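Subject: Structure handover

Hello,

Here is the structure for you to look over. My notes come below it.

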Amino acid sequence: MSAADMKAADPVVVPVARHPEGPGTQQPKGQAPRPRKAGALLPYLLIGPTILAIAAVFVWPLVKTAVMSFQDVGRKELWTGEPAPWVGFEQFTGIFQDGAFWDSVVLTVVFMAACVVTTLAAGLAISLMMQRMSTWARLLLTAALIAAWSIPLMVAASIFRWFADSDYGVANMVLSKYLGLDFQGHNWFLDHRQGFLVIGAVVVWGAIPFVAITLYAALTQVPKELEEAASIDGVGAFGNFRYVVFPVIKPVFQMVATLSVIWDFNVLGQVWLMRGTKPEPEYEVLGLYAFNKAFESNSFSQGAAISLITVLLLSGVAVYYLRQLLKIGEVE
C-alpha cells in the first residue's frame with residue numbers, strides 16, 4: 001500500500017461543536033443566568049433536618065445558657081416566664097471570687113488527669129493483648145467489653161458501692177482475708193482521696209471498652225511488614241512499638257485521649273450516685289458545684305455561668321479534636 005493509499009484510509013476527524021451549556025462556555029452578556037437545577041439543592045435538603053436537630057438540641061440551649069448567665073434568674077422568673085433583670089458580669093465576678101470554685105476546678109483537673117491516664121494505659125494494654133489472642137478469645141473479650149460498656153451508670157455505681165461497702169464489700173474482704181491487711185469495716189469514703197479511688201474505678205471501668213476496641217481497630221492497620229523488618233534489624237518489642245506501631249496509631253490515640261479528657265472533665269453522675277445523692281463538699285467537682293449553685297442555692301444564673309465557663313474551658317480541647325479529625329481525613 002502506497003503512502004497516498006494510507007493517507008486516504010485514515011479516518012476523517014469531524015469536529016464536534018461544544019454544547020452551549022457546557023462548562024467551557026460563558027454566559028452571553030445581557031442574558032439572565034440560568035436557574036440552578038433541582039439536583040444541585042439535594043445535598044442541602046438532605047442535611048437540612050440534621051442541622052435543624054443539632055441547632056435545637058445544642059445551639060439553642062447554649063444560647064439560652066449564655067443569656068441566663070448575664071441575668072438574675074430566680075424561681076419566679078423560671079416558673080412564670082417573666083423577664084429576668086440584667087446584671088452583666090456580676091455572676092461571673094461572684095464565681096471567680098469564690099474560693100470553692102477554684103477548689104472544684106483543681107479537683108476536677110486532677111481527677112480528670114488521673115482517670116484519663118489510667119484509662120489510656122489500660123485500654124492500650126488490652127488492645128495489644130487482643131492483637132495477640134486467638135480469634136475465639138478475642139471475640140469473647142470483645143463481647144465482655146461491649147457488655148461492660150452497655151451497663152447503665154446507675155447499675156455500675158451500685159455494683160462498685162457494693163464492692164467498697166464497709167461491712168459486706170468484696171474489696172475489704174479480699175484485703176483482709178487474702179492479703180492480711182486490716183481493712184475489716186473500713187469506710188473508703190471517709191477520706192475523699194480513697195473515695196475518689198472508688199469513683200475513679202467506676203469512671204475508668206466504663207471508659208476502657210471504647211478505648212480498647214478503638215485502639216485495637218487502629219492496631220489492625222499497622223503493616224506487618226514494617227514490624228517484621230524492625231525485628232530483623234534487631235529492634236526490641238518496646239522499640240518496635242515506639243518507632244513502628246505508635247506512629248501509625250498516633251492520630252487515633254490522640255482522638256481517644258481528647259474525647260476522654262472531655263468526658264472525664266464533665267463527670268457528675270458517678271460522684272452523685274456513689275455518694276448516695278448527698279456528696280460531701282470534699283467531693284464537689286466542677287459539675288457538682290454548678291448543680292449545687294443552680295438547684296440547691298436556687299441561683300440558676302450562677303449555674304448557667306459555671307456551665308458557660310466549663311464550655312469555654314473545653315473549647316480548646318474540642319478545637320484540637322476537630323483538627324485531629326481533619327488530619328486523618330474524617331472531616332473534609
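This is a predicted model: local features need pLDDT of at least 70, side-chain atom pairs count only at pLDDT 80 or more; totals for chains, interfaces and linings use all residues.

Numbering starts from 1 along each chain as its sequence is written, and side-chain values use heavy atoms, with hydrogens and water left out.

The overall picture:

- The protein has 14 helices and zero strands. Helices (H or I, at least four residues) and strands (E, at least two) are DSSP runs, numbered from the N terminus.
- Of the 332 residues, 32% are buried (under 20% relative accessible area, 1.4 Å probe, protein chains only).
- Among contacts (heavy atoms within 4.5 Å) with a separation of 6 or more, 64% join residues 24 or more positions apart.
- The accessible surface (Shrake-Rupley, 1.4 Å probe) is about 21,400 Å², and 66% of that belongs to carbon and sulfur atoms.

Now the helix pair. Helix α6 spans residues 135–150, and helix α9 spans residues 192–219. Their axes (lines fitted to C-alpha atoms over the stretch in contact, with angles from 0 to 180 degrees between N-to-C directions) come within 8 Å and cross at roughly 140°.

On the α6 side, the contact is made by Arg138, Thr142, Leu145, Ile146, Ala148 and Trp149. On the α9 side, Trp205, Gly206, Pro209, Phe210, Ala212, Ile213 and Tyr216 take part. These residues divide into ten nonpolar, two polar and one charged (Ala, Val, Leu, Ile, Met, Phe, Trp, Tyr, Cys and Pro count as nonpolar, Asp, Glu, Lys and Arg as charged, and the others, Gly among them, as polar).

Best wishes

Terms used: Buried means under 20% relative accessible area, exposed over 50%, partly exposed in between (1.4 Å probe, protein chains only).
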